Amino acid sequence: QVQLVESGGGLVQAGGSLTLSCAASGRTFDLAMAWFRQAPGRERDTVAAIAWRGPSTHYTDSVKGRFTISRDVPNNTLYLQMTSLKPEDTAIYYCAASQVPVTSKEDYKYWGQGTQVTVSS
């Protein structure tokens, strides 16, 4: 089992920055992890993903160049650095983890409770 707890959301003006954190506990070795977001009335979509060990990362096109996913393996923490935020980035952001190689978002079996990010124009 894996437990995930997000923090760092909040209200920020357009053009501002926020850093989200996700503390993982339990069986935390060899996890693939990701950040998802869900805006009202929309599906939960992948924002960024990272292998727990190794440099492989993936970003959805709308955040490339603005968001950075990273992890602190010794401290079992996942981060999402968000810069140049836009109103369309407003959503609940979720941390997710998978103990199997990821081929689709259905492979992520463990989820945090979510943290709200609101970007005002």
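User: What is the handedness of the disulfide of Cys22 and Cys95?
Analyst: First, a heads-up: this is a predicted model, where local features need pLDDT of at least 70, side-chain atom pairs count only at pLDDT 80 or more, and totals for chains, interfaces and linings use all residues. Residues are numbered from 1 along each chain as its sequence is written, and side-chain values use heavy atoms, with hydrogens and water left out. A disulfide here is a pair of cysteine sulfur atoms within 2.5 Å, and Cys22 and Cys95 sit S to S at 2.0 Å. The torsion about their S-S bond is about -75 degrees, so the disulfide is left-handed.

User: How many residues apart in sequence are the parts that Cys22 and Cys95 tie together?
Analyst: Strands are DSSP runs of E, at least two residues long, numbered from the N terminus. Cys22 belongs to strand 3 (residues 18-26) and Cys95 to strand 9 (residues 91-98), so the parts tied together are 73 residues apart.

User: Is Cys22 buried or exposed?
Analyst: Buried means under 20% relative accessible area, exposed over 50%, and partly exposed in between (1.4 Å probe, protein chains only). Cys22 has 0% relative accessibility, so this cysteine counts as buried.

Notes. Helices (H or I, at least four residues) and strands (E, at least two) are DSSP runs, numbered from the N terminus.
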